[in-house]
Amino acid sequence: MTYEVSGVIARGKGAEVEVTQIMVPDPGPGEALVGVRACGVCHTDLHYREGGIGEDFPYLLGHEAAGVVEAVGPDVTGVEPGDFVILNWRAVCGQCRACARGRPWYCFATHNAQQKMTLADGTTLSPALGIGAFAEKTLVAAGLCTKVDPAIKPEVAGLLGCGVMAGLGAALNTGGVSRGDSVAVIGAGGVGNGAVLGARLAGARKIIAVDVDDRKLEWAREFGATDVINSRDADPVEGIRALTEGNGADVVIEAVGRPETYEQAFYARDLAGTVVLVGVPTPDMRLSLPLLDVFGQGGALKSSWYGDCLPSRDFPMLVDLHLQGRLPLDKFVSETIVLDQVEAAFAKMQRGEVLRSVVLL
């Protein structure tokens with residue numbers, strides 16, 4: 001059986017997105033059909049629309065989502081119809097060299113559904129990050145479904161599918177923030193504020209948020225920042241050092257993805273400190289640092305892929321913390337919208353007016 005449902009697609013580079021009818025097949029081996037309940041509007045979807053990730057148009061956008069499994073294909077054992085799940089974009093294979101070394105959060109052979117969703121005329125769609133969740137239903141590899149407690153609101157749960165998890169994980173997993181650390185986060189959008197919240201959860205004693213937008217810095221305070229710096233008005237490196245007894249922060253998380261902010265992060269850390277790059281650069285960007293400074297500063301320079309999360313481990317834990325009132329994920333939801341408001345949500349996101357707009361279905 002094939003299902004005809006509404007979805008949001010990007011037909012071409014830079015073109016406004018549109019709601020249209022798409023065709024979703026029944027799941028085959030290793031696949032799951034998910035009825036989407038909520039999907040966040042993420043910068044990655046905008047990158048797809050702008051051609052910054054690939055040129056396999058038309059794209060079925062949306063990936064930061066939660067929903068209910070409606071059907072599964074043969075040999076699927078991890079989820080079953082009726083399960084409330086968060087969709088993730090790393091289906092751990094269990095067999096690649098990363099998995100074999102006990103590091104499944106680096107899985108090098110993540111996989112997607114084999115069958116294709118299409119437009120009504122048969123044109124093949126490319127689902128964003130293998131998910132394509134700005135749609136009433138989507139077809140995914142069953143490994144992209146992580147079962148969690150259905151008591152959490154869908155618009156909150158879906159945030160763990162991408163941006164908020166990337167930020168939380170940059171602090172908790174990649175950065176290894178621990179009790180008493182000083183942490184600086186450059187960029188106070190959804191990912192950056194996720195990192196602020198992660199640092200707070202880990203017990204950091206000082207959390208410094210840096211941005212050029214006072215509104216975002218106020219959001220950062222709500223998530224746990226002890227200090228804020230508007231880098232339009234003050235040098236962030238000097239500011240971070242002044243707030244850390246002249247030493248620099250133990251961990252600096254760069255959540256912008258630009259060479260100039262990465263350089264700030266590099267010089268704002270303490271000796272033997274850690275820099276974590278979780279902001280996503282564009283292909284044309286280049287970085288130049290004196291190699292002697294790289295040697296002399298010591299420490300670690302890391303990239304954080306999806307917050308180095310393991311969805312089966314991290315999603316249920318974080319959902320439980322939220323339901324216990326210990327992780328205010330709901331504060332990331334600035335507004336809820338419907339499918340035909342996604343283009344307007346992109347504009348709000350670019351203007352810095354929202355942390356997350358979330359489509360409810």
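The stops below cover aromatic pairs, a cluster and charges over rings.

This is a predicted model, in which local features need pLDDT of at least 70, side-chain atom pairs count only at pLDDT 80 or more, and totals for chains, interfaces and linings use all residues. Residues are numbered from 1 along each chain as its sequence is written, and side-chain values use heavy atoms, with hydrogens and water left out.

How many aromatic pairs does the structure hold? It holds seven. Rings of Phe, Tyr and Trp (its six-membered ring) pair if their centres lie within 6.5 Å; planes under 30 degrees apart count as stacked, over 60 as edge-to-face and the rest as tilted.

Select F57 and Y59. Their rings pair edge-to-face, 4.9 Å centre to centre, with 75° between the planes. Is each one buried (under 20% relative accessible area), exposed (over 50%) or partly exposed (in between; 1.4 Å probe, protein chains only)? F57 has 21% relative accessibility, so it counts as partly exposed. Y59 has 3%, so it counts as buried.

Together, Y48, F57 and Y59 make one aromatic cluster.

Now select F266 and Y267. This pair is also edge-to-face: 4.9 Å between centres, 85° between planes. F266 is buried, at 0% relative accessible area. Y267 is partly exposed, at 24%.

The charged end of R269 sits over the F266 ring, 4.7 Å from its centre. Such a charge is NZ of Lys or CZ of Arg within 6 Å of the ring centre and within 35 degrees of the ring normal.

Last stop: Y3 and K137. K137 lies over the face of Y3, 5.5 Å from the ring centre.
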